[in-house]
Amino acid sequence: MIPEPVTPETLEDGARPTPWSVAIDDRCTACGACLSTCPEHALLPAPRRPVVVAERCSGCGECVEICPRGAITDVWTR
Ligand code: SF4
Ligand code: SF4
């Protein structure tokens, strides 16, 4: 089932939008801390920085919180 598009105006207080994903920028040091944090296994190890599997991301924000470099940011996927 394809989810309905979500806009900031349609969100309830505190709700995280879906579809949702994260981006990892060049502040990443490949420490790996975010990999085991993701409950959806949406972050996969890679040599330079983790790869984000956007289709798996639930938008929980756990990885954004745990990254010691502030390298992960929330992004809209559609
Ligand atoms: S926690 Fe941050 S610095 Fe560490 S691998 Fe993940 S994105 Fe990179
Ligand atoms: S926001 Fe949550 S589901 Fe998405 S990549 Fe980060 S930890 Fe995983």
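Begin the tour by selecting A30, which is partly exposed because 15 other C-beta atoms lie within 10 Å. On this scale a residue is buried if 20 or more other C-beta atoms lie within 10 Å of its own, exposed if 12 or fewer, and partly exposed in between, with C-beta atoms placed from the backbone. The model is a predicted one, in which local features need pLDDT of at least 70 and side-chain atom pairs count only at pLDDT 80 or more, while totals for chains, interfaces and linings use all residues. Residues are numbered from 1 along each chain as its sequence is written, and chains are lettered from A and ligands numbered from 1 in the order in which they are written.

**The loop between β1 and β2**

A30 lies in the loop that runs between β1 (20–24) and β2 (43–44). Strands (E, at least two residues) and helices (H or I, at least four residues) are DSSP runs, numbered from the N terminus. The phi angle of A30 is near 60°, a positive value in a residue other than glycine. Next select H41, which is also placed in the loop between β1 and β2. Its phi is near 55°, again positive in a residue other than glycine. H41 counts as exposed, since 10 C-beta neighbours fall inside 10 Å.

**The whole chain**

Along the sequence they follow the pattern β-β-β-α-β. Of the 78 residues, 18% count as buried.

Colour the chain by pLDDT, the predictor's confidence in each residue, from 0 to 100. The average is 82, and 76% of the residues score at least 70. Residues 1–8 have a pLDDT below 50, and beyond near neighbours in sequence this stretch has six contacts in the model; two residues are in contact if their C-beta atoms, placed from the backbone, lie within 7 Å. Where pLDDT is low, the predicted coordinates should not be read in detail.

**The loop between β3 and α1**

Select V53, in the loop between β3 and α1. V53 is partly exposed, with 14 other C-beta atoms within 10 Å. A42 is eleven residues away from V53 in sequence, yet their C-alpha atoms are 4.9 Å apart in space.

Move on to G59, in the loop between β3 (51–52) and α1 (62–66). Is G59 buried or exposed? G59 counts as buried because it has 21 C-beta neighbours inside 10 Å. From C-alpha to C-alpha, G59 is 7.6 Å from V22, although 37 residues separate them in sequence.

**The nonpolar core**

Select V22 itself. Leaving aside neighbours within four places in sequence, its contacts include V52, C57, C63 and I72. V22 also belongs to the largest nonpolar core, a group of twelve residues that includes I24, C34, C38 and C67. Such a core is a set of buried Ala, Val, Leu, Ile, Met, Phe, Trp, Tyr and Cys residues joined through C-beta atoms within 7 Å.

**The two ligands**

Finish at the ligands, where a residue is near a molecule if its C-beta atom, placed from the backbone, lies within 6 Å of it. Around ligand 1 there are 14 residues, and C28, C31, A33, C34 and C67 are the closest.
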